[in-house]
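Here's a quick briefing to read alongside the model. Take a look at the fold as a whole, then zoom in on two spots.

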Amino acid sequence: MLHSRLPSVNVEAPEPELLSISDAILALKGLVSRQLPLMIFVFLACVSLALLYVITAQRMYTSTASLIIDSRKISLMQQQQSAGSDAPIESAMIDSQVEIIKSDTIALSVIKDLRLVDEPEFTGDSGGLIGNVVGAVFSLISSPTPPSEYQQLRKALGRFAKNLAVKRVGLSYVIEISYRSTSADRAAQISNAVAEAYIVDSLEAKYNASRRAAVWLQDRMKELRVQASAAERGVADYKAKNNIVDAGGRLLSEQQLAEINSALTVARAQRAEAQARLERITTILKADDEDRNVILNDLATVADTMQNPVIVKLRQTYLDYAAKESDWSNRYGANHLAVINLRNQMREIRRSIKDELKRTAESFKSDLEIAKSREEASQKSLSDAINQSNDTSQAQIVLRDLESNAQSARALSDNFLQMYMVSVQQQSFPITEARVITPAAMSLGPSSPKTLLVLLGGVLVGGLFAAASGFVRDMMDRVFRTAPQVEAMLGVSCLAVVPRVLPDELPQSGWSKARTVAKLARISGWRHLSGKSEPEQQVVASIGSEYPAGAQLPSRQMNITDTMSGVVTRAPFSRFAEAMRAVKMAIDLSRDEATCKVIGITSSLPNEGKSTIAGAIAQASSMSGTRTLLVDCDIRNPSLTRRFSPDAQAGIVELVLGQAELKDLIWTDSQSGLHFLPCVLASRSSNSADLLASAPMERLFKALRSHYDLIIVDMSPLAPVIDVRGTSRIVDHYTLVVEWAETKIDIVKRSLDEAPGVQKKLMGVVLNKVDIGALGRYDSHRGDYYRNRYYHRYGYVD
């Protein structure tokens with residue numbers, strides 16, 4: 001119900017701590033409890049979709065045939081070509097065969113051999129509930145003309161490719177051919193047919209390729225031999241003509257060029273460094289002689305000056321004199337003779353430092369000239385080396401081209417010779433490397449849908465989606481929920497957590513007791529320790545000189561017990577009343593530390609309950625015996641006036657303008673003795689902010705301070721209007737009312753950032769309209785703290 005802390009200073013945001021296991025469990029428990037309905041819905045939706053798929057999916061049967069790419073046959077061919085060779089089959093070749101089996105050529109061959117175009121499974125509806133629905137939709141939007149033979153064939157080809165699966169078994173030479181069909185017999189028949197079609201296609205392709213390549217390879221091989229011989233003779237002639245000798249693949253001029261280039265890079269770096277140092281010390285020398293930053297800051301940026309013992313000593317002496325000058329100025333005044341003498345000495349030291357810096361600058365200039373000369377020499381050497389290397393490299397470039405052409409020609413000639421020998425042998429002895437090792441057999445049961453697997457996947461996916469949806473929704477909840485969240489986000493204390501309650505839900509048993517307590521407080525003259533009256537001052541003319549400080553002001557009677565603010569007197573042992581007493585206690589503690597008589601109650605947006613909180617705090621303070629005044633300063637929307645004194649004809653506006661006296665405007669609650677100053681609007685006004693910030697308003701509150709121990713001011717919201725920003729001179733501290741689970745965090749932060757005067761004097765935040773039953777789901781550490789069983793023992797009831 002309450003979360004009160006000392007409000008004298010703002011509460012800094014807590015440093016992040018490592019999340020313990022218990023905290024993680026509590027956080028997870030809170031997340032689940034907050035988002036349980038959404039998570040259950042998402043989980044059941046995923047499981048229902050999985051169950052619907054299992055029920056409506058068509059039963060499919062799968063049969064698998066296995067064939068192997070026989071490496072022994074390839075080894076036999078290789079032995080015929082080259083004795084002793086035994087190269088293994090490349091993995092890429094096996095993968096290529098898999099793609100060949102899945103090609104349209106094999107599929108069309110099987111479709112024609114088995115006449116699959118006439119089967120309804122390949123040219124009819126897709127089957128299953130989903131397939132029938134899709135087919136019906138397409139039949140409505142498609143033309144009624146019957147499909148052509150080509151269209152039927154392409155449709156059958158698409159169905160065939162969809163249900164065919166070809167894969168390599170691990171890293172072996174075995175390839176599995178699987179087919180799914182609504183008939184177990186048809187699935188086995190098609191799998192075996194695909195394997196046979198692949199073997200036949202492989203034999204035909206090898207024979208045709210060998211026969212066409214043999215003639216062309218023989219003629220091409222002769223041409224390549226002549227070209228290779230000519231290219232090799234050209235390389236030998238060019239080397240002899242240009243006296244080129246290979247010395248490890250790199251010329252001497254290339255090595256020399258690399259070394260000169262490295263030396264040039266070093267010279268450029270040294271020149272840049274010398275120039276940077278010179279520019280920096282030149283900047284310092286151009287500074288004003290009276291600029292102390294030259295002595296205190298800029299010298300430290302030049303490393304060479306800090307290594308100069310003269311400058312170091314002068315700078316240290318200057319800093320000592322500067323310290324003395326500051327100390328003596330504070331003691332004897334800035335115009336004291338000793339202080340002036342110190343300043344003159346400091347000026348002389350600065351001049352000495354500049355003289356020493358000039359000598360250092362001359363040294364830097366000499367270093368820069370040396371670095372530039374070194375760079376120019378390196379650049380000239382590099383240019384000479386480049387010119388010399390260009391002449392030598394021209395011949396090397398031409399030689400490399402000749403050698404590359406010769407090698408390419410010889411390699412190409414050898415490859416063609418090898419291909420010609422292979423094509424001749426394959427043409428005389430055509431074989432295929434593939435053979436069937438396991439023919440496809442009829443399946444004993446359907447292979448899909450896998451009921452258990454689908455349902456298990458639905459449960460797992462549903463759980464993941466449920467957790468993700470709950471987490472995302474919880475992260476998007478950008479409103480205030482708990483007191484620690486308020487303190488962490490805004491950096492101020494959460495003074496109280498006020499429960500959401502309706503007046504007719506509260507018991508009436510506390511009425512007589514509350515009235516008795518208020519009466520005893522008034523009789524005994526209870527006052528808070530910090531509630532001592534200020535020195536009496538002359539009341540301003542707008543209030544009336546006949547009522548001196550501390551005098552009892554005449555007033556009209558009102559009864560606020562039946563309003564929401566009257567819950568404090570109607571149900572003094574409720575959580576609401578206890579929260580108001582917590583805010584009052586925070587105000588009292590602030591009054592002990594400093595002047596704190598005028599408390600402004602505001603909010604970021606309308607309808608957050610600031611007026612109700614203002615009235616309830618004032619009611620609780622008045623019941624304790626404190627002379628309390630409740631002022632309605634929400635000039636644009638005086639809701640407290642409409643609620644407490646709807647018959648009021650004048651209020652604070654007329655009082656500030658001098659059109660009425662305070663004795664004619666004060667209303668008094670008949671039960672608690674609370675005084676109320678209303679606000680009456682004859683018409684809407686656009687200069688309400690100017691009125692609140694005016695000097696008459698400041699003088700009015702200065703006079704009211706002498707009559708009351710505590711003044712509670714109900715103000716406009718921060719975000720819509722700027723009225724509150726003009727009240728910083730009349731208000732000692734502000735209290736911000738935030739509606740639980742409604743007010744956005746960004747809105748509150750933006751409102752406070754736009755009103756720095758309010759943020760500077762902000763005493764704390766009241767979290768209003770809290771759902772106590774749901775609070776435990778968001779604040780796991782304090783969830784049980786708000787339960788009824790902890791309050792019944794001390795007479796608290798809800």
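Strands here are DSSP runs of at least two E residues, numbered from the N terminus. By that count, Arg-168 sits in strand E2, which covers residues 164–168. Keep in mind that this is a predicted model.

**The whole chain**
- The protein chain carries 28 helices and 13 strands.
- Of its 798 residues, 42% are buried.
- Among contacts with a separation of 6 or more, 83% link residues 24 or more positions apart.
- The chain's accessible surface is about 43,000 Å², and carbon and sulfur atoms hold 55% of that.

**Arg-168**
- Arg-168 has 17% relative accessibility, so it counts as buried, the cut-off being under 20%.
- Leaving aside residues up to four places away in sequence, Arg-168 touches Ser-91, Ile-94, Asp-95, Val-98 and Val-174.
- A polar atom of the Arg-168 side chain lies 2.7 Å from the backbone oxygen of Ser-172.
- Ser-66 is 102 residues away from Arg-168 in sequence, yet the two C-alpha atoms are 9.7 Å apart in space.

**Ser-645**
- Where does Ser-645 sit? You'll find Ser-645 in the loop that runs between helix H21 (639–644) and helix H22 (652–656).
- Ser-645 counts as buried because its relative accessibility is 1%.
- Skipping residues up to four places away in sequence, the contacts of Ser-645 are Leu-640, Trp-667, Phe-676 and Pro-678.

Terms used. Residues numbered from 1 in each chain as written. Predicted model: local features only at pLDDT ≥ 70, side-chain atom pairs only at ≥ 80, totals over all residues. Heavy atoms only, no water. Helix = DSSP H or I, 4+ residues; strand = E, 2+ residues; numbered from the N terminus. Buried < 20%, exposed > 50% of the residue type's maximum accessible area, 1.4 Å probe, protein only. Contact = heavy atoms within 4.5 Å. Polar contact = N/O pair within 3.5 Å; in protein donor to acceptor, adjacent residues only side chain to side chain. Areas by Shrake-Rupley, 256 points an atom, 1.4 Å probe, with all protein chains shown as cover.
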